[in-house]
Every structure is written in C-alpha cells, then in structure tokens.
Number of protein chains: 2
Amino acid sequence: MRLQVNDGDVDDDLVPPPNFSSVEDGIFRSGFPQPSNFPFLKNLNLRSIIYLCPEPYPEENLEFLRANNIKLFQFKIEGTKEPFVSIPKDAILDALKILIDVRNHPILIHCKRGKHRTGSLVGCLRKFQNWCLTSVFEEYQRYAGVKSRATDLQFIEAFNIEPLRQCVYSIIYQYQGYSSNKRRLLYREEKLQKPQTTPV
Amino acid sequence: MRLQVNDGDVDDDLVPPPNFSSVEDGIFRSGFPQPSNFPFLKNLNLRSIIYLCPEPYPEENLEFLRANNIKLFQFKIEGTKEPFVSIPKDAILDALKILIDVRNHPILIHCKRGKHRTGSLVGCLRKFQNWCLTSVFEEYQRYAGVKSRATDLQFIEAFNIEPLRQCVYSIIYQYQGYSSNKRRLLYREEKLQKPQTTPV
C-alpha cells in the first residue's frame, strides 16, 4: 500500500511538521521540522530536503538527515518582513530545478513557517504546471492565512518560468542527443508527431 | 516525469477545482468540479471519484467520467448546517474502504465546497495513518477556514478506526490464507518476525 502508515507501535501517534502537506506525488511542504516530527518524516522515505532559510541547519536535524541518507539543498533566502527584502529570483529558479528533478524525490520543501518562502516556491512550481493564477493564489493563501503577503503574490505573478522550461527541454534533448541548433524546431515537431505512428 | 504538466497548448492555463489539493500519493481532494476544471482533472488520470453529497451528479460531469473511464462512488451525506445533522459513521467507514484501496487510485474526494464532508473523511484517513489529533485538526481547518465546525472535529475525534484496521487485516490474511481463529496471534507474530530471516 503506497499510503503512508505508521510502521512503529500503533499507539505512537505520528506528528507531522507544522503546516505540513503533500504538494504532488513525491513533493511535500511544511514549516521547520522539530525532533518530534522525525518519526513522521522517516515514514515519508525522503531522498532530499529543500531548505529556504539562511540560518544553518540544526545539528540534530543534520544527524537525522545523515541517519536516513537524506540530501540537503539549502537556498539562503532572507525571511525579513516586507517591504524591505525581495525574494531572489535566481535562488527560486535553482530551487525549482532541484524540485522538479524526480531523482530527488520524495522531497520536502520547508522554511520556518511554511508560509512565505515555501509558498512562493510552490506558487512558481504551479505556474510551471500551468495552473491559473487564481488557483495558485488560493493555494498560497491557504497556508499563509492571515499572514498572506501581497509582495509574495506579486513575485509569483511576475516570475518568469521560461528559463525553467528551456532547462527541462535541454535535459530532454541531451538525453535524445539532438544538436543544439535544432532544439526548438525538433521540440515542436515532436509534439506534433507524438500521436502518429512514424516509420523507422 | 511524474509531475503533472499540461499536455495541451502551453497557453491554456489549467484551472483546478476550488479548494483542490493533493492528500497523499494518488489521493486528491476538492470542492465540486465544474466543466472549466475538466482539462485539469484529465491530467490527473483519475481512476475514481468519491462524491459525498446526496444530490445526483450533473449530466456533464457524468459525461466527463464516462469519456475518461472514471468510476463514481457516491455516499449520500447531507450537508445541512450544524447542529441538526450528524455525519453517518457507516458512510464514512465505507468511503474509507474505497479510499485506501490503491486499486481505486488515483482518486478524487469531493463534496460541494471541499470543507466539511471532505474534511471529515480526510480527517478520519489521517487518524487511520496515526496522525496526532492536533495535526489532523490543523489540516481540517486549513481547508474549512472560517467555516470550521466543532461538530466535524468532534466527529473526527470520536471516529473509531479499529473496524477499518480489522478490514485491512482481513484483506491481508485473505491473501495469505490464514484461518480466522489464528488471525490476531499471527498478525502479532508477523510484526515481530518481519526483520528476521526465517527458514522455509
């Protein structure tokens, strides 16, 4: 059964981190995990964690990562209150590249509260998935609640996902061995030819 | 890539149903899907839908289900405001049996707003997964917002998941061919012996 169930004693309740949720198959989000959340996280069989704060990771959390062979990707994004600091686009783009790479799944995204930095990253992921902006914002607000920030929503709206698409296409072409000058053309052809049967 | 991406034109934004979210791998929740949400739902490759309202399913939704070979499980739970109607335990138990059966996945749970009936069913699923009650309630409230109902939380807290566990154990024993009088004993032994290598 793929459903995550407690593999320990049935009397031990599992404690997910605050603001925890599933985002997609193999992608989770939350606030900062405490040691009380480790048994729960262990059951997710995580392969990696994306951590979006500049503060160093606590030693006991690092210990948990080592013991469970979980890779840590840290992107040092300041969490200072608006309107003084803006989210760095490059860090979000780099985090997205890690996030959409299924070789890093199952993966947990977290910052401190799982609201602003995590919400902004997930919002950009949804844009990449072509969600309409209304639904992206609805999801952001569900986790941010009364702490919702207009600057985060503006960041998500303005974020350009084209570089990420190009990056994904590059990986596809790399695997298929196309020369770089044919990239764009071949991609379009591929899409058109997909449903047809083509002679070899 | 397991990540759900738009397989149509990149310019067509996908519109998830209201209050949509992933619950677990292969399990989703939302409010009532409208035709504008069908392209999004199509991309989820749903195998089934759990619908928790007594009203008949609209013809255009049935049409969408037929076209995409999606099975509908309807549980007629009244949505009248508290404190007049209580959620029927049997319906929730039956819905849980459908929900945890991976042969029905990917599966979408929905009612009208994705708040009370859907939230109660997901809350009971979380109890089955041994989540602590605080986290179960946090999740319920994230979707219900200001419409959160104390009666739903009480229902979740009081809901007895033992019959569901027994049901799951029965399925396990059925597959393994144990006779019914050995059930409890063998289950315990099994758990203890799991990490050992036993000679055949």
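Which residues form one aromatic cluster with B:Trp131? A:Phe20, A:Phe28 and A:Phe40 do. The legends below cover this cluster and other close-up views.

The model is predicted: local features need pLDDT of at least 70, side-chain atom pairs count only at pLDDT 80 or more, and totals for chains, interfaces and linings use all residues. Residues are numbered from 1 along each chain as its sequence is written, chains are lettered from A and ligands numbered from 1 in the order in which they are written, and side-chain values use heavy atoms, with hydrogens and water left out.

View 1. Across all chains, the whole structure holds 18 aromatic pairs. Rings of Phe, Tyr and Trp (its six-membered ring) pair if their centres lie within 6.5 Å; planes under 30 degrees apart count as stacked, over 60 as edge-to-face and the rest as tilted. A:Trp131 and B:Phe20 make an edge-to-face pair, with 5.9 Å centre to centre and 70 degrees between the planes. This pair joins two chains, because A:Trp131 lies in the loop between helix 4 and helix 5 (133–144) of chain A and B:Phe20 in the segment before strand 1 (21–24) of chain B. Helices (H or I, at least four residues) and strands (E, at least two) are DSSP runs, numbered from the N terminus. Both A:Trp131 and B:Phe20 are buried. Buried means under 20% relative accessible area, exposed over 50%, and partly exposed in between (1.4 Å probe, protein chains only). A:Phe155 and A:Phe159 form a tilted pair: 5.7 Å centre to centre, 40 degrees between the planes. A:Phe155 and A:Phe159 are buried as well.

**View 2. Arginine over tyrosine in chains A and B.** The charged end of A:Arg29 sits over the ring of A:Tyr143, 3.6 Å from the ring centre. In chain B, B:Arg29 places its charged end over the ring of B:Tyr143, 3.6 Å from the centre. A charge sits over a ring if NZ of Lys or CZ of Arg is within 6 Å of the ring centre and within 35 degrees of the ring normal.

View 3. A:Asn19 lies in the segment before strand 1 (21–24) of chain A. A relative accessible area of 9% makes A:Asn19 buried. Its side chain reaches the backbone oxygen of A:Tyr143 at 3.2 Å. A polar contact of 3.5 Å links the side chains of A:Asn19 and B:Arg142. Such a contact is a pair of N or O atoms within 3.5 Å; within protein, one must be able to donate a hydrogen and the other to accept it, and residues adjacent in sequence count only if both atoms are side-chain atoms. Beyond four places in sequence, the contacts of A:Asn19 include A:Arg29, A:Arg113 and B:Glu138. Contact means heavy atoms within 4.5 Å.

**View 4. A:His116 in its loop.** A:His116 is in the loop between strand 5 (107–110) and helix 4 (117–128) of chain A. With 14% relative accessibility, A:His116 counts as buried. The backbone oxygen of A:Lys147 is reached by the A:His116 side chain at 2.7 Å.

**View 5. A:Gln74 in strand 4.** A:Gln74 belongs to strand 4 (residues 71–74) of chain A. A:Gln74 is partly exposed, at 29% relative accessible area. A polar atom of its side chain lies 2.8 Å from the backbone oxygen of A:Cys53. For the backbone oxygen of A:Glu55, the distance to a polar atom of the A:Gln74 side chain is 3.0 Å.
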